[in-house]
2 protein chains.
Amino acid sequence: MASSSGPVLVIGAGLLGASIGLGLQHLGVRVYVRDSSPTTEAVAQDIGAGQSVRAVHAAGQTLADPALVVVAAPPDVVSELVVEALSDFPNAVVIDIASVKSAILDDVAAAGADLSRYVGTHPMAGREKSGPVAARGELFTSMPWVICPTETTSARALTTAKNLAVDLGATVTVLDAAEHDETVALISHLPQVMSSLLASRLQDTPLHHLSLSGQGLRDTTRIAGSDPALWVQILSANARPIVESLYEVRTDLDRLIATLENPTAGGARLDIAQLMAEGNSGQARIPGKHGGAPKAFATLTVAVDDTPGTIARLLTEIGEAGINLEDMRLEHSPGQPVGLAVVSVDPNRRDELVDALNERNWKVVQ
Amino acid sequence: MASSSGPVLVIGAGLLGASIGLGLQHLGVRVYVRDSSPTTEAVAQDIGAGQSVRAVHAAGQTLADPALVVVAAPPDVVSELVVEALSDFPNAVVIDIASVKSAILDDVAAAGADLSRYVGTHPMAGREKSGPVAARGELFTSMPWVICPTETTSARALTTAKNLAVDLGATVTVLDAAEHDETVALISHLPQVMSSLLASRLQDTPLHHLSLSGQGLRDTTRIAGSDPALWVQILSANARPIVESLYEVRTDLDRLIATLENPTAGGARLDIAQLMAEGNSGQARIPGKHGGAPKAFATLTVAVDDTPGTIARLLTEIGEAGINLEDMRLEHSPGQPVGLAVVSVDPNRRDELVDALNERNWKVVQ
């Protein structure tokens, strides 16, 4: 079923590299894995992500020539490994999967490597855990995978990269490297920075004050829990487009500070309203579920007690009413074992659902 | 069952005022509602939030003396209405429910009103919708309700305010007005500002770039969709503590900009790592579910197709395994009708749940 042909050599057997190996092996594609850490490489082999290169050598065998080399190492060593792979495997297509693309492309070009066989890519898959033990072949299922060809990329290299992404269930988007980097600066790196700046203000807040926190604070700070080591590499590799966005944030922040320093001055309220409205219009542009146009779902809040199965029963009964759940969020409140399930549905079905739930004795609170 | 005694006069029959009226009437407490808009007042009466003051007068009757007046009007008219109520009803306790407290207290004191009968309060309940039609008596169930007495507040006034909150199912927290305002500046107003500043950067981003957005961007910008009219009043009424936090944000932002302008300089990486780590430690302080100490739940990601009942079936089977669902989030990806359910459970039960779900043919992807 796979369009990819093997063998594939995966360099870097962390979460993403090992997940690529696993996914390909499930499809019957032969994979070798290599990692700077012998332990990581051995674990990757054990979980089925591919054959350890060290083990091949130790057995006195030689590596079959790879058709594709996937560099899945930490961002700060990717360029070097790509250049090396292009030289070591003169027939292979070489791709990397780092989350920043221009800097790597520049490095590879500056090294005089064969750019026709290289394609930068970026699978936008979760990273809450790390290491090969957390690897899953399905990690990329329905996630975007951005592919960044250049004018010198060969048709074979581009097709090989696309086949890999499609084989692993991802959705391919083609962008050039600069466009990719500007996009992720805005939709991924800037949110990370803003979340970290916000959360760092809570370092000295008394816990009994934080116990008043609502869902808004939790949502805005969730990604502030991300791994600093990874983000140092990402932020420094994509510094330029991030700084451009941060200049604009600083301009707005300065404007807001000036306004709030004198909140009764003429025009102050209009100025705040404008800033809020700009936030409204930016937020409204973010596409909804399944990449479709932004769509306002109707929400419905139901009080639920905190026992196993309550949420399941609620959702079973929503399903029985024939209404599709578009989204669900659980909200919990300090001090009480009662939660709120915020259910999103098609606005045209909301009233019907409220009636159905009321009939079944659910407490619809909003 | 109610500890509150009537009649209660609710001034301002929007979502919160009408919800208070509804909740009290359900408990058998007599409520009058008054609103500057005759239509809003009539709707509030129609939904059962209390008797319209205009209707009482039109019927040639007189208002019974209220034991409690709840000022639930927009923040910018609250002080005036509190002062007026203290004077019009010399035996009543008067409370307000605005989300900023010091400015109102100062105004009421400056007007020479009887502070012994006044208590500022702040029920921290949702505001995604507005108007009396959206009112629900259960709106305050298990939400925090902050009560801000002063040294001159009488015991009767304080008890009356507490009884109201408890009757409506809320969890009472006592703070002084300045402490309340500093707390909400940090846990509610600053997240709002940061989310709006971030979202406003998306105003001109091409939609095909925004289609790559992940859950991080959605979470950090959700509250940027809030009502500008309300937030203008909140931000200007609490300008001082918000500005103090914004100065600190600006200091960190300037530091980060300087670092990213020269990301290869000595110490640059350490500086970024430190900023990220500060975000980590702030985020880790936010209490988890039920106001308990922050606790790391184990998460588990399951691929789910987009048909009615799938999520319900998943949660039913989690319940059948005897494992309590601590939280759930649905993630959807561009271009494909497959979603991911991210389920949070007790870390000690995670492996058991993975086994149970695998046995039942669920695709556990992470």
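Trainee: How many residues of chain A are in contact with chain B?

Mentor: In this predicted model, 131 residues of chain A are in contact with 130 residues of chain B, where contact means heavy atoms within 4.5 Å. Local features need pLDDT of at least 70 and side-chain atom pairs count only at pLDDT 80 or more, while totals for chains, interfaces and linings use all residues. Residues are numbered from 1 along each chain as its sequence is written, chains are lettered from A in the order in which they are written, and side-chain values use heavy atoms, without hydrogens and water.

Trainee: And what area do the two chains bury between them?

Mentor: Chain A and chain B bury about 12,200 Å², and 64% of it is on carbon and sulfur atoms. Buried area is the accessible area (1.4 Å probe) that two parts lose on being put together, summed over both.

Trainee: How many salt bridges are found across the interface?

Mentor: The rule finds eight between chain A and chain B; a salt bridge is a side-chain nitrogen of Lys or Arg within 4 Å of a carboxyl oxygen of Asp or Glu. One of them joins Arg250(B) to Asp254(A), at 2.7 Å from N to O.

Trainee: Which element of chain A gives the most to the side that touches chain B?

Mentor: Helix H11 (residues 239-261) of chain A does, with 17 residues. Helices (H or I, at least four residues) and strands (E, at least two) are DSSP runs, numbered from the N terminus. The side of chain A that touches chain B divides into 60 nonpolar, 43 polar and 28 charged residues. In that division Ala, Val, Leu, Ile, Met, Phe, Trp, Tyr, Cys and Pro count as nonpolar, Asp, Glu, Lys and Arg as charged, and the others, Gly among them, as polar.

Trainee: What about salt bridges over all chains, how many there?

Mentor: A search of the whole structure finds 29. Among them is the pair Asp254(B) and Arg250(A), again at 2.7 Å from N to O. This pair crosses between chains, from helix H11 (residues 239-261) of chain B to helix H11 of chain A.

Trainee: Which rotation superposes chain A on chain B?

Mentor: A rotation of 180° with 0.0 Å of shift along its axis does so, with an RMSD of 0.1 Å. That is the relation of a two-fold axis. The superposition is by least squares on the C-alpha atoms of residues with pLDDT of at least 70 in both copies. Of the residues of chain A, Thr220(A) comes closest to the axis, its C-alpha being at 2.1 Å.

Trainee: Why do the copies meet through the same surface?

Mentor: Because 99% of the interface residues of chain A are also interface residues in chain B.

Trainee: Changing topic, what is the strand order in the open sheet of chain A?

Mentor: The eight strands follow the order S3-S2-S1-S4-S5-S6-S7-S8, with mixed pairing. Two strands pair if DSSP finds at least two bridges between them. Strand S3 (51-52) and strand S8 (171-174) of chain A are the edge strands, each pairing on one side only.

Trainee: How many bridges join S1 to S4 there?

Mentor: Four bridges join strand S1 (residues 8-11) to strand S4 (residues 68-71) of chain A, and these strands run parallel. Ile11(A) has Val71(A) as its bridge partner in S4(A).

Trainee: Where does Pro7(A) lie?

Mentor: Pro7(A) is in the segment before S1 of chain A, and the peptide bond from Gly6(A) to Pro7(A) is cis, with omega near -10°. In chain B, the bond from Gly6(B) to Pro7(B) is cis, with omega near -10°.
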